[in-house]
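Q: I'd like a close look at one part of this model, please. Could you walk me through a single spot and what surrounds it?

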Amino acid sequence: MAGETLKKVLRLRKQIVELEHECRELEKDISTGLQFFPKEIAKGIAKRYVEVSEQLSKLYYELEKLESKIEYLYGGF
């Protein structure tokens with residue numbers, strides 16, 4: 001059980017790192033100004049940013065639950 005939980009934690013952390021990187025890239029596009037992109041591309045960038053942000057929130061929540069479970073069951077890591 002502990003091994004599976006730790007695998008889930010590691011998998012979640014990997015996903016979070018990948019999404020954080022994508023989020024930073026999208027933030028760069030947004031900060032340069034969406035007005036310089038064609039309208040459809042700008043909408044796509046903004047939509048993807050929202051999707052990535054929502055995914056990150058869910059993954060952070062799931063990670064927090066798993067880490068709390070590990071801490072409760074095994075006294076932390």
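Which residues does Thr 5 touch, not counting residues up to four places away in sequence?

A: Keep in mind that this is a predicted model. Leaving aside residues up to four places away in sequence, Thr 5 touches Leu 66, Lys 69 and Ile 70. Thr 5 itself sits in helix α1, which covers residues 2–33. Its relative accessibility is 7%, and because buried means under 20%, Thr 5 counts as buried.

Now look across at the partners. Leu 66 and Ile 70 are among the buried residues of α2. As for α2 as a whole, it has 36 residues and reaches 52 Å from its first C-alpha to its last, close to the 52 Å expected at 1.5 Å a residue.

The largest nonpolar core has 13 residues, and Val 52 and Leu 56 are the ones with the most contacts inside it. Both α1 and α2 (39–74) give two or more residues to this core, with the largest share, 7 residues, coming from α2.

Val 52 also has a set of partners you can trace by eye: setting aside residues up to four places away in sequence, Val 52 touches Leu 19, Glu 22, Cys 23 and Leu 26.

Technical notes. Residues numbered from 1 in each chain as written. Predicted model: local features only at pLDDT ≥ 70, side-chain atom pairs only at ≥ 80, totals over all residues. Heavy atoms only, no water. Helix = DSSP H or I, 4+ residues; strand = E, 2+ residues; numbered from the N terminus. Buried < 20%, exposed > 50% of the residue type's maximum accessible area, 1.4 Å probe, protein only. Contact = heavy atoms within 4.5 Å. Core = buried A, V, L, I, M, F, W, Y, C linked by side-chain atoms within 4.5 Å. Expected span 1.5 Å × (residues − 1).
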